[in-house]
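Colleague: I would like to learn how to read pockets and salt bridges in a model. Please take me through them one at a time.

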Amino acid sequence: MKSVLNVLDKAALELVLEKLKDFEKPVEDLEQYRTPGDLASQILWDAYIRGDIPGKIIVDLGCGTGVLTYGSLLIGADNAVCLDIDWEALKVAGENLKEFRGMFDLVAGDAGRPPLRPRNEDCVVVMNSPFGVKKRGADIMFLKAALKLCSRVYSIHKYTPRGLQVIARTAEEKGYSAMVISAEFMKLKPRYSHHRKRVHRFKVALIRFTRN
Ligand code: SAH
């Protein structure tokens with residue numbers, strides 16, 4: 001198994017994550033795209049320096065290829081739950097995560113009603129859920145579920161002023177404070193037949209939620 005000592009910094013983490021397997025046949029309705037290495041390493045690094053990775057139980061809702069689960073385990077998480085609604089995605093995650101055998105559970109389920117018991121201080125959600133483009137409100141459904149599970153949540157969202165308002169309101173209602181870690185561009189290569197641009201680029205917010 002790899003140890004945290006092999007990963008020297010955020011840039012090295014990005015390179016490792018970028019090499020993981022991608023979805024084989026991404027399902028458009030499930031908004032399947034692998035979290036790019038730069039964003040994955042950035043959100044994980046922020047969680048790491050705040051003490052929210054080492055020794056913690058990580059819950060990755062909509063874990064897809066397992067990029068965020070992989071990165072968390074690599075930088076010292078105790079164990080992780082990688083949950084997705086799609087078996088094919090979980091198969092890819094299982095392949096990506098094989099060197100961490102015994103440290104993670106692959107769970108097939110709906111993130112809206114995760115078959116998990118809420119925990120508190122020892123558990124941290126790290127997720128990049130659908131943005132709610134195909135299924136409106138999917139991002140907020142994931143967020144609400146995450147806020148029920150753990151006292152800390154790290155999450156990537158599409159950046160729009162209206163979207164950020166809804167996120168802030170949801171956090172407040174659930175007794176959390178939300179802090180934008182940074183605003184970035186997500187760059188995705190074309191994945192579906194109707195994608196015309198060479199790289200699709202849009203703004204996202206990396207957000208940390210802390211229970212008050
Ligand atoms: N974080 C992952 C995947 C991001 S794409 C990665 O970096 O690889 C969003 C993921 O959410 C997809 O894998 C999709 O299958 C999953 N998903 C979509 N709707 C879901 C639902 N209701 N419950 C659980 N997973 C869902």
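**The pocket and the salt bridges**

Modeller: Start with the pocket. Helix H3 (67-74) and helix H5 (138-149) each contribute at least two residues to the lining of the largest pocket. Bear in mind that this is a predicted model.

Colleague: Which element gives the largest share of the lining of the largest pocket?

Modeller: H5 does, with 3 residues. The lining has 28 residues in total, and those nearest the centre of the pocket are Leu30, Gly62, Asp84, Pro130 and Phe142. The volume of this pocket is about 440 Å³.

Colleague: How many residues of that lining are nonpolar, polar and charged?

Modeller: The lining of the largest pocket divides into 12 nonpolar, 8 polar and 8 charged residues.

Colleague: Now the salt bridges. How many salt bridges does the count come to?

Modeller: The count comes to 10 salt bridges. The cut-off is a side-chain nitrogen of Lys or Arg within 4 Å of a carboxyl oxygen of Asp or Glu. One of them joins the side chains of Lys134 and Glu28, at 3.6 Å from N to O. This pair connects distant parts of the chain, 106 residues apart: Lys134 is in the loop between strand E4 (123-127) and H5, and Glu28 is in the loop between helix H1 (10-18) and helix H2 (37-49).

Colleague: Which parts does the pair Lys187 and Asp38 tie together?

Modeller: The side chains of Lys187 and Asp38 meet in a salt bridge, again 3.6 Å from N to O. Lys187 lies in strand E6 (residues 176-188) and Asp38 in helix H2, so the bridge ties together parts 149 residues apart in sequence. Lys187 has a relative accessible area of 43% and is partly exposed; Asp38, at 25%, is partly exposed too.

Colleague: What is the distance between the closest N and O atoms of Arg152 and Asp52?

Modeller: Those atoms are 2.5 Å apart, and the two residues form a salt bridge. Arg152 sits in strand E5 (residues 152-158) and Asp52 in the loop between H2 and strand E1 (57-61), 100 residues apart. Arg152 counts as partly exposed at 24% relative accessibility, whereas Asp52 counts as buried at 6%.

Colleague: Which residues are linked in a network of salt bridges?

Modeller: Lys21, Glu24 and Glu95 are linked in such a network.

How values were computed:
Residues are numbered from 1 along each chain as its sequence is written. This is a predicted model: local features need pLDDT of at least 70, side-chain atom pairs count only at pLDDT 80 or more; totals for chains, interfaces and linings use all residues. Side-chain values use heavy atoms; hydrogens and water are left out. On a 1 Å grid over the protein atoms alone, a cavity is a set of points where a 1.4 Å probe fits but cannot get out, and a pocket is an open set with protein on both sides within 12 Å along at least five of seven lines; lining residues have an atom within 4 Å of a point. Grid points are joined across faces, edges and corners, and a volume is the space filled by probe spheres set on the points. Helices (H or I, at least four residues) and strands (E, at least two) are DSSP runs, numbered from the N terminus. Ala, Val, Leu, Ile, Met, Phe, Trp, Tyr, Cys and Pro count as nonpolar, Asp, Glu, Lys and Arg as charged, and the others, Gly among them, as polar. Buried means under 20% relative accessible area, exposed over 50%, partly exposed in between (1.4 Å probe, protein chains only).
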